[in-house]
Amino acid sequence: MSIAPVAGERLHTVGEVAALARVTVRTLHHYDRIGLLSPSRRSDGGYRLYDYGDLERLRQIRLLRELQFGLEAIGEMLDAPAFDRRSALVAQRELLRERQERTERIIRGVDRALTAMDEETQMDRTDMFDGLEEIDHEQFEGEVEQRWGDGDAYKASMQRTRRYGKADWARIKEEGASVLARMAELMAEGARAAGHAAMDLAEEHRRHIDRWFYPCSHGMHRNLAAMYTTDPRFEDYFEKRAKGLAAFVQEAIRANEARSRERSR
């Protein structure tokens, strides 16, 4: 969904955008220089002028930076034909990992963006970047490696998604939805989460992540599943599909990890 230009829409100078987005003017100049975010307009004197669409793109950039994506990967993602802003917002809401208070502020901003998109209105510019104060992402490098495992593997996973085209993203979405739909069916049928059918689907879910996104061992899969019931964003993602699905999938993943350990003995 795109927002149509508004007649007489207010434009913003680079200084105003820097203040709204909690970034430096130098950052905006850099984004322009590398083609990541070029202002839609220029004044008669040649000064950068940003419209609402430019602010929307900048907000997406900031959110993806929060998820530790590199600038090159962000540019390719945002410019891909298959990029869906609404789906991206939902995914970003689920993946944000920063400290709880700051994360909640970011999520509230994402929710306001989703509401504005659904109602085809504009967000209050003073709220668009709430919780997105500019930070030095290098200081989180250790935390990223601790979460995702080996640093080289994490970088390799980012390289994977850069290569994906429209058909790839469609397949990824279809595969992921299929696994969850079959999990929900098993649960509705009264199957055990620790049963063979559910464990087989949990293994399919792990391989889906491993194949498309990042190396996902059984141990990492188990750690990821721990957040399905402790993180409201993850829980909501599953619960929207079926009541109790988050806990069911979590238990199936834990059982599959235990089965894997038994088989390796």
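Reader: What makes the length of helix α3 (residues 52-66) agree with its number of residues?

Author: In this predicted model, where local features need pLDDT of at least 70, side-chain atom pairs count only at pLDDT 80 or more, and totals for chains, interfaces and linings use all residues, the end C-alpha atoms of α3 are 21 Å apart. The expected span is 1.5 Å times one less than the number of residues, so the 15 residues of α3 should span 21 Å, and the two values agree. Helices here are DSSP runs of H or I with at least four residues, and strands are runs of E with at least two, numbered from the N terminus. Residues are numbered from 1 along each chain as its sequence is written, and side-chain values use heavy atoms, with hydrogens and water left out.

Reader: Why is α3 called mostly covered?

Author: A residue counts as buried under 20% relative accessible area, as exposed over 50%, and as partly exposed in between (1.4 Å probe, protein chains only). By that cut-off 12 of the 15 residues of α3 are buried, including Leu55, Leu58, Arg59 and Ile61. Across the protein, 45% of the 265 residues count as buried.

Reader: What makes the largest group of nonpolar residues a core?

Author: A nonpolar core is a set of buried Ala, Val, Leu, Ile, Met, Phe, Trp, Tyr and Cys residues joined through side-chain atoms within 4.5 Å. The largest such set has 26 residues, and Leu28, Leu37, Leu58, Ile61 and Ile74 have the most contacts inside it. At least two of its residues come from each of α1 (14-21), α2 (25-33), α3, α4 (71-79) and α6 (100-118). Another core, of 24 residues, lies apart from it, with Met183, Ala184, Ala202 and Leu224 among its members.

Reader: Which residues does leucine 28 touch?

Author: Taking contact as heavy atoms within 4.5 Å, and not counting residues up to four places away in sequence, leucine 28 touches Val14, Val17, Ala18, Val23, Leu37, Tyr50 and Leu58.

Reader: How do you know that β1 and β3 pair?

Author: Two strands pair if DSSP finds at least two bridges between them, and β1 and strand β3 (residues 48-50) are joined in the antiparallel sense over two bridges. Threonine 13 has leucine 49 of β3 as its bridge partner.

Reader: Why do β1 (12-13) and β2 (41-42) stand at the edges?

Author: The open sheet of three strands runs in the order β1-β3-β2 with antiparallel pairing. β1 and β2 each have a single partner strand, so one side of each is left without a neighbour in the sheet.
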